[in-house]
Amino acid sequence: MTKPHLLIVDGMALLFRSYFASAAMNQFIRLEDGTPSNGVQGFARHVLTAQNLMKPTHLAVCWDMGAHTFRNDLFDGYKANRPAPPEEMLPQFDMAKEVSQMIGWQNFGIKGLEADDLIGSMIEKWKDDAQITVVSGDKDLLQLLSPTTTIAFTKKGYSEYDVYTEARFVEEYGIAPKQFAEVKAFMGDSSDGYPGVKGIGPKTALQLIQNHDSIDGVLAALPTLKPGQRSKISENEEMLRLSHQLATIHCEAPIDADLEVLRLENYSLTTFDLLEEKGYRLIAKHARSIY
C-alpha cells in the first residue's frame, strides 16, 4: 500500500515572500473595500501550484501565532532586529488563514511556538505514517530532513523549488541533518538576531562539527584547536549553548489532529466562485487554470 503524501506548508514564509515580491512593484491588489490582498493571493496561488506539482494526498498549513515565543524568553535579542511588518500586510495574516480554510486546508498554530516548531512536531508525529514534503524558504528546516521527509525551498516564481533530501544534505554538508543546529550555534543567525560565537563564520562552523561531531566534542577538543578559535569559543561558551537552544527546532508540540483530518478532497468550483465573490479573483483564476 502506498503511504499518504503529506504536504506541510510554512504559511508565514509563503505569505511574506508573496507580499514583498508584489509590494516592491506597488501591486497591493486591493479588495473592493480597499484592503490589500497581494500577500494572501500570492500565498494561495503558491500552495495550489505546489499541490499540482507535488500531488500530496494530505495538506497542513503552519503559522506563527504572534511575535512572542519561548525563544524570546530565552534571549531578549531573539528576532529583535526585525522590522515590524508593513501596515499593508497587517490585515493579511488573518485573511490568509480564512482563505486557507475556505479552500479546505487545515491551519495550525500554537501560541508561544513558531511555525518551524509545528512543522517539526508534525514530522515527528507522522514520520512513520507518511511521506512528507515541507514547502518553505527557511534553511533552518534542514535539521528536520529524514528518510521520509523532503524539504522544497522556494526559488523563483510559483513553480521552481530547490529540493533537499536527507541524502543530498549529507553529501553536501558531510554531517547528519540534526547536527545542522549545532553548526548554526557556532555561526549564529543575523536574521534571527543571535550571535553564535563571534568571529566564527559558516565555513569554520561546519568544519568544527564535521571534525568533532557536536558542541561537546568541539569543547572537549579545545586544546587541539588553533589559538584564535580556542579563545573565541571559550570566551563565548555560554552564548554558544544558548544559540544552540535557539537554533534547535522543538519537535514535541502537541498536534491535536489525526492524519485523516488533513486528507485533501477534490475542489468544487463553487469554492472558487465564492473566493471570486469576496474579491480574490487571482486565486480563483489560478485555481481554474490548474484544476
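Author: This is a predicted model. Its largest cavity has a volume of about 60 Å³.

Reader: How many cavities of 30 Å³ or more does the structure hold?

Author: The cavity of about 60 Å³ is the largest. At the cut-off of 30 Å³ or more, the number of cavities in the structure is one.

Reader: How do the residues that line the largest cavity divide into nonpolar, polar and charged?

Author: The lining consists of Arg71, Tyr78, Glu114, Asp116, Asp140, Asp192, Leu246, Ala247, Thr248 and Ile249. Asp, Glu, Lys and Arg count as charged. The lining of the largest cavity therefore divides into four nonpolar, one polar and five charged.

Reader: Which residues are the closest to the centre of the largest pocket?

Author: The largest pocket has a volume of about 990 Å³. It is lined by 35 residues, and those closest to its centre are Met12, Phe16, Asp64, Lys79 and Arg82.

Reader: Is Asp10 buried or exposed?

Author: Asp10 is placed in strand S1 (residues 5-10). Its relative accessible area is 4%. Buried means under 20%, so Asp10 is buried.

Reader: With which side chain does the side chain of Asp10 make a polar contact?

Author: Leaving aside neighbours within four places in sequence, Asp10 is in contact with Cys62, Ala115, Asp116, Ile119, Val135, Ser136, Asp138 and Leu141. The polar contact of its side chain, at 2.8 Å, is with the side chain of Ser136.

Reader: Why does Leu48 count as buried?

Author: Leu48 lies in helix H2. Leaving aside neighbours within four places in sequence, its contacts are Trp105, Tyr267, Phe272, Ile283, His286, Ala287, Ile290 and Tyr291. Buried means under 20% relative accessible area. Leu48 counts as buried because its relative accessibility is 0%.

Reader: Where do the buried residues of H13 lie around the axis?

Author: In helix H13 (residues 281-290), the residues Ile283, Ala284, His286 and Ala287 are buried. They cover an arc of only 165 degrees around the axis, so they lie on the same side of H13.

Reader: Which residues are exposed on the other side of H13?

Author: The buried residues of H13 have a cover that includes helix H2 (38-54), H4 and helix H12 (269-277). On the other side of H13, the exposed residues are Lys285 and Ser289.

Reader: How many residues of helix H7 are buried?

Author: In H7, the buried residues are Phe180, Ala181, Glu182, Val183, Lys184, Ala185 and Phe186. What covers them includes helix H6 (166-173), helix H8 (202-212), helix H9 (215-220), helix H10 (227-235) and helix H11 (237-247). Helix H7 (residues 180-187) is thus mostly covered, and of its eight residues the number buried is seven.

Reader: Which residue takes a positive phi just after H7?

Author: Helix H7 covers residues 180-187. Just after H7, a positive phi of about 75 degrees is taken by Gly188.

Technical notes:
Residues are numbered from 1 along each chain as its sequence is written. This is a predicted model: local features need pLDDT of at least 70, side-chain atom pairs count only at pLDDT 80 or more; totals for chains, interfaces and linings use all residues. Side-chain values use heavy atoms; hydrogens and water are left out. On a 1 Å grid over the protein atoms alone, a cavity is a set of points where a 1.4 Å probe fits but cannot get out, and a pocket is an open set with protein on both sides within 12 Å along at least five of seven lines; lining residues have an atom within 4 Å of a point. Grid points are joined across faces, edges and corners, and a volume is the space filled by probe spheres set on the points. Helices (H or I, at least four residues) and strands (E, at least two) are DSSP runs, numbered from the N terminus. Buried means under 20% relative accessible area, exposed over 50%, partly exposed in between (1.4 Å probe, protein chains only). Contact means heavy atoms within 4.5 Å. A polar contact is a pair of N or O atoms within 3.5 Å; within protein, one must be able to donate a hydrogen and the other to accept it, and residues adjacent in sequence count only if both atoms are side-chain atoms. The arc is that of the directions from the helix axis to the C-beta atoms.
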